[in-house]
Amino acid sequence: MGGNSAVFTVPAMVTQNIARARGYIRRNEIRKALETLTVAVEMFQPDKIVGKARYETEIHLQECVEDLSKHPRVHGFLKTVTKSKEPSIKYSAGNEEALAKTLRVIHKVLTDQDEEIALMEGDTNDMRRESLWENGTRCLAEGNNARGKAYLRRMGEEFGHEEGVLTKIGEVMVDAELWFEAAEILEESMRKFHKDPKTFSLLIKCYTTLREFEQAERLYVKALRQFGQHPTTLLNFATMYRAWNKRDECFRVCQQAEKLDPDNKEIQALIDWAERKR
């Protein structure tokens, strides 16, 4: 063939991407199909290929384009831009550049549609979340705790996977002095988002108020390990031990707090209390 650079094989990526595109079409992953087929078309250079390899690739490409045209989403788009009763993507051997351009246009249109739908769903979710929150907090403010809790529980069920939502619900329940309900919600928040110090603080307040001191102690120990020692945390921990009437434990925690804040009068007052009858 002299200086002719023609070959008898098609790059493997071309045939593989055509096959992948047909698989995506079958699985209704139409944007992936468009992306993959576009890559195959852009890589396919039939003028550099001769013989059976070129002919078979063109057949496979034509079949994939036909499958794509029949997909409901693509077919629906084509009907909006053509007067033909049976619209389809046009492809003829040698016009790969035009085909790639068409595929990119369709991909962009479908992507824009999907993004618009996602925004609309996001707006709907925001409205739903806000409605549940407003109704729940209004009912609690009006003293209708049963109905308020129902709204807020539903909010937790639907949006509790979003960071901060469960803690927000728990906080408003704490404000309404619904200690048991708040503790339940905040424990769920703790399981899902265990790095939020506000959740620790609110949950400790619940258990301390309920005089479930073992649970509060568990959380204080965990918080100190996770966030490190801080005078205020240690002071609150020691104050909890005083409420529990645990002088030795109170004294031990106060000693740690005193090292960090030696001039704190509240710490000293707790030490004085803990040293009595020791």
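Is the crossing of helix 10 and helix 11 left-handed or right-handed? The legends below come to that pair in the second view. This is a predicted model, in which local features need pLDDT of at least 70, side-chain atom pairs count only at pLDDT 80 or more, and totals for chains, interfaces and linings use all residues. Residues are numbered from 1 along each chain as its sequence is written, and side-chain values use heavy atoms, with hydrogens and water left out.

**View 1. Helix 6 packs with helix 7.** Axes are lines fitted to C-alpha atoms over the stretch in contact, and angles run from 0 to 180 degrees between N-to-C directions. Helix 6 and helix 7 are therefore roughly antiparallel (angles over 145 degrees). On the helix 6 side you will find Lys149, Leu152, Met155, Gly156 and Phe159, which meet Val165, Leu166, Ile169, Val172 and Met173 of helix 7; contact means heavy atoms within 4.5 Å. By class, this contact has eight nonpolar, one polar and one charged residues. Ala, Val, Leu, Ile, Met, Phe, Trp, Tyr, Cys and Pro count as nonpolar, Asp, Glu, Lys and Arg as charged, and the others, Gly among them, as polar.

**View 2. Helix 10 packs with helix 11.** Here the angle is about 160 degrees and the axes lie 11 Å apart, which makes helix 10 roughly antiparallel to helix 11. To answer the opening question, their crossing is left-handed (the near helix is turned anticlockwise from the far one by less than a right angle). Helix 10 contributes residues including Phe213, Tyr220 and Leu224, while helix 11 brings, among them, Phe237, Met240 and Trp244. The contact divides into eleven nonpolar, two polar and two charged residues.

**View 3. Helix 9 and its buried residues.** With 13 residues (197–209), helix 9 reaches 18 Å from its first C-alpha to its last, close to the 18 Å expected at 1.5 Å a residue; the expected span is 1.5 Å times one less than the number of residues. Thr199, Phe200, Leu202, Leu203, Ile204, Cys206 and Tyr207 are buried (under 20% relative accessible area, 1.4 Å probe, protein chains only). These buried residues pack against helix 7, helix 8 and helix 10.

**View 4. Asparagine 17 in helix 1.** Asparagine 17 counts as buried because its relative accessibility is 6%. Leaving aside residues up to four places away in sequence, asparagine 17 touches Thr36, Val39, Ala40 and Met43.

Definitions and conventions. Helix = DSSP H or I, 4+ residues; strand = E, 2+ residues; numbered from the N terminus. Parallel < 35°, antiparallel > 145°, perpendicular 65-115°, else oblique. Buried < 20%, exposed > 50% of the residue type's maximum accessible area, 1.4 Å probe, protein only.
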